[in-house]
Amino acid sequence: MSAGKQSLLEVRDLKTRFYTFAGVVNAVDGVSFTVGRGEILGLVGESGGGKSVIGFSILGLIDPPGKVDDGEILFDGTDLRRKSEKELQKIRGKDIAMVFQDPMTSLNPLQTVGEQIDEMLRLHSDLDARARRARCIEMLTDVGISEADKRLNNYPHQFSGGMRQRVVIAIAMIAGPLLIIADEPTTALDVTIQSQILKLMRRQVRERDASMILITHDLAVVSQMADEIVVLYCGKIVEKGPKQDLISKPAHPYTQGLLGSIPKLHGRQERLTQIPGTVPDVRNLPKGCNFRERCPFAQARCAEEEPEQISLGADRSVACHFPLEQELEP
Amino acid sequence: MQGFLKSEFFFNYRRSASAIIGSALMLVFAVYVAFGPWLVAQNPHDIASLELLDSFKPPAWLEGGDPRYLLGTDGQGRDMLASIVYGARISVMIGVTAMLCSCLIGTLLGLLAGFYRGVIDSFIMRVADIQLSFPSILIALFLMSAVGTGIDKVLIALTAVGWVVYARTVRGSTLSEIEKEYVQAARVAGLPDRKIILKHVLPNVLTPLIVIATIQVGTFVLIEASLSFLGVGVPITQPSLGLLVKNGFDVLFSGLWWTSAFPGLAIMMLVFGINLFGDFLRDELNPRLK
């Protein structure tokens, strides 16, 4: 969190576990981070890293066999974990909204787009039917859908993927949430549409002074959008810090690996680096550092001790015994 | 209406002989069920209007036939055509009502099982499994002999037999629907479970039910006919098609074949029509066959 800004969401030592037949999975294991007001936080990690589970944990929507076992989720000063399901239903959609990955399935195919946007207002506002309709049209126009008054009566299948994602964003934004959790919002879209949607989301968030958690596996997306970055590996935070700092000077070998696998537009590049191996089985994590089997710098100590978070100056920390110090070329 | 005439559904309908024959048969029965009392001269349930002298008249085109009784008469002098029309009303009414009850109960249980899973799901589905391991006519027979006979009892027995197929179908579709992000999105939007189930899940699992419901009316007509034939169905004062067959069967070997053959033929045509149309619906509404 940048200095001087109030915090909106503070997650402390969050632990979400799944009690499956094959064993207990620590999907989120002691994660702490803070989202400031008006700030965009990027949550980065590979598939199966526990990114989406964090989003659902915040909203209290973890289904059995999963369970939020420990930690505090302070939203606007109160702990969401202490709230009843009824109270949470009032917060969901109104104060915290979510944008999903696949716009092809995140809209109900049997309801018109208008009904689905309107549903949010009916739940979370006292406006009458005419005012709600005006508000829907305004919102749709705002997310870049032309002839919004006619499009309200269309069904989702009459929209393209990018347009649907605009509708999903409109649904998320219409009740004026303080926090938007965007779970891989552009992964299912064409590359050409991706940056349009990202720009739209950033503008929407900035204009309303809302905050956003952007969950993605794509560091390129995050570097375009986020103020702060949190890198997750096997349900744990391996590194966090302000965007510029973290991207130019990654301290964890995993972050460096992720950055090395993004192609550059300018300059010569011999070959993209890749991180060898795959994410270890979360039911059966190795002793010591989770990343050591894939780490080019691993040493004997890494197999013995699990690294603690160490501070690297203002707002930055890393969980590594041997943090990197070299600066990447821009 | 204009939209319907131009729809793909109607286009395919016009090209499907089985659909046209099936719906034509259904239409004939629908008309007789709705307007039957005005279409036939006699009310066979009104004993005062019966002429005992006219008993066991053969169909009109046979020797000794009476032009007033097209399909002949039974032992009480009832016009067979009128009996069939009144019987079909009872059969169809029982079939449709029992279908609606089964559909309502089965869909509700299937939604609950699929949405909440866990113990509720296991319980409902085990009951369904046990039920499916018995032939449905056997279950109905057990129930009827336990609770007695009568139209309401027949409805209970048929519903007890029929809900399973809806519950299983709806549960399966629900399981696949709730994985989709729009259901997640509805939860994230702060909708209570009840509204998510009724507004988002239910409309998306209904399509396969239309086919099941159509075919089931035919199945229920048959089961009810079997029960009545075995003597545990509707009371003698409200004879369904099945009971007419049974009544005629008693005198079948005396050569008075028309008293059971024509009601039997009516059952056959009714169920045949429903099944033909059901098959067409199944092909039309199945996205995988498109």
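How many residues does the contact take from chain A and from chain B? It takes 20 residues from chain A and 14 residues from chain B. The legends below start from there, and keep in mind that this is a predicted model.

**View 1. The side of chain A that touches chain B.** Two elements give two or more residues each to this side: helix H2 (85–91) and helix H3 (113–124) of chain A. H3(A) gives the most, with 4 residues. Sorted by class, the side of chain A that touches chain B has 9 nonpolar, 6 polar and 5 charged residues.

**View 2. Strand E8 of chain A, buried from end to end.** Strand E8 covers residues 211–216 of chain A, and 6 of those 6 residues are buried, so the strand is largely enclosed by the rest of the structure.

**View 3. The partners of E8(A).** Strand E3 (residues 40–44) of chain A runs parallel to E8(A), and 5 bridges join the two. Look for Gly42(A), which stands opposite Leu214(A). Strand E7 (residues 179–183) of chain A also pairs with E8(A) in the parallel sense, again over 5 bridges. Ile180(A) has Met212(A) as its bridge partner in E8(A). To get from E7(A) to E8(A), the chain passes through helix H7 (residues 191–208) of chain A, making a right-handed β-α-β crossover. Another bridge to pick out links Ala182(A) to Leu214(A) in E8(A).

View 4. E7(A) is mostly covered, with 5 of its 5 residues buried. Leu179(A), Ile181(A) and Asp183(A) point one way, while Ile180(A) and Ala182(A) point the other way. Asp183(A) is buried along with the rest of them. Strand E6 (residues 96–99) of chain A pairs with E7(A) in the parallel sense over 4 bridges.

View 5. Strand E1 (residues 7–20) of chain A is joined to E2(A) by 11 bridges. Within that pair, Lys15(A) stands opposite Asp29(A).

**View 6. Two helices crossing in chain B.** Helix H4 (residues 80–116) and helix H7 (residues 151–178) of chain B have axes that come within 5 Å and cross at roughly 35°. The crossing is right-handed. By class, the contact of H4(B) with H7(B) has 22 nonpolar, 10 polar and 2 charged residues.

View 7. Is Gly172(B) buried or partly exposed? There are 15 other C-beta atoms within 10 Å, so Gly172(B) is partly exposed; buried would take 20 or more. Val205(B) is 33 residues apart from Gly172(B) along the chain, and their C-alpha atoms are separated by 9.0 Å.

Methods. Residues numbered from 1 in each chain as written. Chains lettered and ligands numbered in written order. Predicted model: local features only at pLDDT ≥ 70, side-chain atom pairs only at ≥ 80, totals over all residues. Buried ≥ 20, exposed ≤ 12 C-beta atoms within 10 Å, placed from the backbone. Pairing = 2+ DSSP bridges. Right-handed = clockwise from strand over helix to strand, strands pointing away. Axes fitted to C-alpha atoms, helices over the stretch in contact; angles between N-to-C directions. Left-handed = near helix turned anticlockwise from the far one by under 90°. Nonpolar A, V, L, I, M, F, W, Y, C, P; charged D, E, K, R; others polar. Contact = placed C-beta atoms within 7 Å.
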